[in-house]
Amino acid sequence: MKLRRQRDLFPGALEMMILRTLKRQPLHGYALVQHIKRSSNDLLQIEEGSLYPALQRLLKEELVKAEWRISSTNRRVRTYKLTAAGARHLVHEVSNFERMLEGITRVLARRES
Amino acid sequence: MNPFKQLFSRRRLYIDLSDEIEAHLEEKIEELVQGGMSRKKAVATARREFGNLTLIQEESREVWQWPTIESFLADLRYGIRMLRRNPAFGLTAILILAVGIGANAAVFSIVDSILLKPLPYADQERLMMVRDVGDRDTRTPMSYPEFLGWKGQNQIFESVGAYSFASVDLTSPGEPQHVDIIRASAELLPMLGTMLRSGRGFTAQEELRAGPPAVIISDSFWHSRFHGDPSALGGKLTLNDTLFTIVGVLPPDFHFATDPDLILPLRLDAESAAPRFNFLQVVGKLRPGMTLPQARGAAAAAVKQVNDRASSFGGASVYIAPLRDFLIGDSRPLLVALLGTVAFVLLIACANTANLLLARAAARQKEIAIRISLGAARMRLIRQLLTESLLLSVLGGVIGLAIARWGLVSLVKLLGDRLPHSSDIHLDGYVLAFTAALSIFTGILFGLAPALQAGNGNLVDRLKIGGRLSAGLSNTQLMRNVLIVAEIAFSLVLLAGAGLLLRSFIRLAHVDKGFDPDHVLTMHIAVSPGKYAEPKREINYLNQIVESTRNLPGVESVGFITNLPFSGDAMSGDFLIQGVAIDPANVSAASKQFVVGEYFSAMHMPLIRGRFLNSTDTNESRPVVVVDQGFVREYFPHEDPIGKHIDVGWGKRGWSEIVGVVGEAREFAMTANPIPTIYSPMAQKPELLEFLAFNLAVRTKLDPLSQIQVISGQIHQLDSTQVISKARTMEDLIDSKLAARRDPVWLFGTFSAIALFLAAIGIYGVLSYYVLQRKSEIGTRIALGAQNADILRLILGHAVKLVIVGMAIGLAVSFAVVRALSSLLFGVQPTDLPTFLGVSALLAFLALVACGIPALRATRMDPSTILRNE
């Protein structure tokens, strides 16, 4: 069966990218996914739908808030905004991630030499 | 977010979510259209890039749920809907499971309260039964001096108590009544940790033969005789013409031995209770920290010393075992066999339900395929199917509990006599928990196969097949075949067990009893010790009863015996043979009977040699005895016993001459070989009269039951206050004894009949399905000229293979398993060939009938109809 979805890079990666993107400005789902795709230069293949379960998780943990607004293109969209808790969480996650990345990079670099 | 708010606002959240996703798709489509794509293509692209819509929605919603519980509830709702849609299927499955679960719950309640629960006594694990090891390793009660000996030591037991079974005539207050009682030493109740409801236990004074007469009454007796009046304490009961003071009332939840209404003190002294008169059940409470092996070792070392000190002439060794084991007795093998049986019934019920589910799964192929193609996760699907089967099994469990409640009553009624403290057995929390666990386990057991089956397989194939049934589901077919083979195998095991028990019972019922019970009336007559304190008077009285009864019309012969065969009562002890030295390690023992009148003729016991006892054997004539063939076989295998002398061992010592040999009456339980028996004339042992009670045996030409009034009337003319109890025919007495053997046969028979019925349904269902699957093949064959015989061969060939494999496995399992029954069998080996052949033939026959119906239906198919429908 080819029903298995492409997985995230690692658990929490998508959430982290969402939080980072929302830090700059509140966005609705569609804009959010376009933004992430664009900023990754389309290197990350993200299934558009996979954004929504992630957003629900963030909403539940109150890291983001959502409200229905009218967009600049005159659509009724649900816009997500980072909360204070979300901002703190992001800092924490990013520093974690950077440490992990550094570790991985070192291991990989050593292997090449 | 606060969880309660979540619950209320969840609907809002879901609506937001789907609105949002819809908006997302629309925005994407619009963008694509603006980019120059056709609308139709844009919709497809947007959908594709979005991913699995259903799954994403589901996952997003799950974030807000208590995931497992909520999806479980959703599955449950769906399951209930499915049940409503197909009630016939649901009802069948639930009923099958209810029978299986109910039977298990009922049997488990019994097993739980008897085998698993501790006895309701303080420190029950330290309570031990102490018994003499007698002749041929038999374990017997102890004599009074032996009991005193063990009471006197303090190395092994912290305390030692004793009790014995007896019966007394209660003449006031209220209706005269013959009551079964126990006599207990003062230590017994404190040792069991019994807190009396009111009053006190026995004192050391009351224990003595000459002490003040005291009695403790049961709670139910207190209520029935005294209406719970507290002033009953200190009141009097007239027992065997003696006034006893009520000193205590037992608590309502007290259970011990036969649950007697009255407990009397032993009222013995060393003079009145002879050595070698073994009638006391001795219970010891181990010192704290003492283990059973330690106690056994210490007792083996102490036995000689204890016996010497008490000059008790006790056995050479004692046997110590937990009181619990003693009380459970031989009900353990029966209960284990019963539990095994119902477990097999449940397995068959599971196999049947699994088969039903598989058949339904085939019909639900399309539904499942659609759900998968719409994005249902496989685990989710398996979980859903399991929830459905759990729903069935839990409903089955609920109905099963009702069945268990009803079944337990009948079970206890059937087996009650064989079970200790059977009044304590009921459905309780443990049984409820067991039933719940069993239901869930059952649901998983029978639901797993179909659920896994549904998760597998090629989606496209399934969609193509759709609702139509066709070959290619070989996996399912294989599983169904395996289930059928299992059902046949399990049924055979149960049938084999039931068959063995039945054969054993038939053997038992036709065993030579050594007497003719037909037209014999028996009644229990306990002579008032106060009125007939003088032994000569009592002998006269007994002789008068014999004489006057014999003169009644229709009466052929009349006699008294101390213990009737099949009554379960017996007295045995050691004796001496003149000229044979005593071997202390192997004391000769025999059952001892005392006779008044023509007991042997009344019972039609065959005279082998010499003469019967008769009225010329009096206290003045020379002492004589009659022995039975078993006695001769054991002690005079190569000699003529007539003229030899033995010392019966009780009462005044002295040699008695053997004057006759009679046939063996099956004195003890029918399964045991009869114990050698000595019959002495009562007139020659008057000193024993005060310890004995008698049973009258009357052989009459008339209907024995019609003579009860006449004979009682005759006796009451001699003594109007004589209490007469247990009037019944000898045949009824034997029947009540046989019932204990017959009832398990009924039980096992019933359970295997249920199993057989379930298995037959299962075979029928699978074969019908097989025929349905091959409809087009059969149609084609008929159209091409196949004869009925060919079609029958095609279908039956398939069935016969399954039946043969199932029976082969069943036979192999039976041979291994039925050994567990061996202690319940009499005169039949667990591997009895005729039984196995018989039950195999029965099963094969029923299987063929179950197969024959769908096979015959196949031959009647109309090929044109079938092929047109293809």
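Which residues of H6(B) are buried? They are Tyr144(B), Pro145(B), Glu146(B), Phe147(B), Leu148(B), Gly149(B) and Trp150(B). This is a predicted model. Chain A has 113 residues and chain B has 870.

**Chain B overall**

- Chain B contains 26 helices and 23 strands.
- Buried residues make up 42% of the 870 residues of chain B.
- Of the contacts in chain B between residues at least 6 apart in sequence, 84% join residues at least 24 apart.

**Helix H6 of chain B**

- Helix H6 of chain B spans residues 144–152 and is mostly covered, with 7 of its 9 residues buried.
- The buried residues of H6(B) pack against two kinds of element in chain B: strands S1 (127–133), S3 and S10 (281–286), and helix H10 (292–309).

**Strand S1 and Met128(B)**

- Met128(B) sits in strand S1 of chain B.
- Met128(B) counts as buried because 27 other C-beta atoms lie within 10 Å, where the cut-off is 20 or more.
- In sequence, Met128(B) and Val283(B) are 155 residues apart, yet their C-alpha atoms are 5.6 Å apart in space.
- Apart from neighbours within four places in sequence, the contacts of Met128(B) are Val283(B), Gly284(B), Leu286(B), Ala295(B), Ile320(B), Ala321(B), Pro322(B) and Leu323(B).

**Nonpolar cores**

- The largest nonpolar core has 113 residues, and the members that touch the most others are Val215(B), Val282(B), Phe560(B), Val595(B), Met603(B), Val625(B) and Val698(B).
- Strand S3 of chain B (residues 157–172) gives the most to this core, with 6 residues.
- This core lies between domain 2 (135–314) and domain 4 (527–722) of chain B, because both give residues to it.
- Met603(B) is in contact with Phe515(B), Val520(B), Ala665(B) and Ala697(B), leaving aside its neighbours within four places in sequence.
- As background, nonpolar side chains tend to be buried together in soluble globular proteins.

**Chain A**

- Chain A has 4 helices and 3 strands, in the order α-β-α-α-β-β-α along the sequence.
- Of the 113 residues in chain A, 31% are buried.
- Among contacts in chain A with a separation of 6 or more, 52% are between residues 24 or more positions apart.
- Helix H1 of chain A (residues 13–24) packs on H3(A) at an angle of about 70°, and the two axes are 10 Å apart.
- H1(A) and H3(A) are therefore roughly perpendicular to each other, as angles of 65 to 115 degrees are classed that way.
- H1(A) contributes Leu14(A), Glu15(A) and Ile18(A) to this contact, and H3(A) contributes Ala54(A), Leu55(A), Arg57(A) and Leu58(A).
- By class, the residues of the contact of H1(A) with H3(A) are 5 nonpolar and 2 charged, with no polar ones.

**Contact between chains A and B**

- Chain A puts 19 residues into the contact and chain B puts in 21.
- On the side of chain A that touches chain B, the elements giving two or more residues are helix H2 (29–39), helix H3 (51–60) and strand S3 (76–82) of chain A.
- H3(A) supplies the largest share of that side, 5 residues.
- The side of chain A that touches chain B holds 6 nonpolar, 4 polar and 9 charged residues.

**Backbone details in chain B**

- Most residues other than glycine have a negative phi, and most peptide bonds are trans.
- The peptide bond from Ser172(B) to Pro173(B) is cis, with omega near 0°.
- Pro173(B) is in the loop between S3 and strand S4 (177–184) of chain B.
- Asp123(B), which is not a glycine, has a positive phi of about 45°.
- Asp123(B) is found in the loop between helix H5 (87–116) and S1 of chain B, and counts as partly exposed with 15 C-beta neighbours inside 10 Å.
- Phe566(B), which is not a glycine, has a positive phi of about 70°.
- Phe566(B) belongs to the loop between strand S13 (555–561) and strand S14 (572–574) of chain B, and is buried with 25 other C-beta atoms within 10 Å.

Terms used
Residues numbered from 1 in each chain as written. Chains lettered and ligands numbered in written order. Predicted model: local features only at pLDDT ≥ 70, side-chain atom pairs only at ≥ 80, totals over all residues. Core = buried A, V, L, I, M, F, W, Y, C linked by C-beta atoms within 7 Å. Buried ≥ 20, exposed ≤ 12 C-beta atoms within 10 Å, placed from the backbone. Domains from an automatic or database assignment. Contact = placed C-beta atoms within 7 Å. Nonpolar A, V, L, I, M, F, W, Y, C, P; charged D, E, K, R; others polar. Axes fitted to C-alpha atoms, helices over the stretch in contact; angles between N-to-C directions. Parallel < 35°, antiparallel > 145°, perpendicular 65-115°, else oblique.
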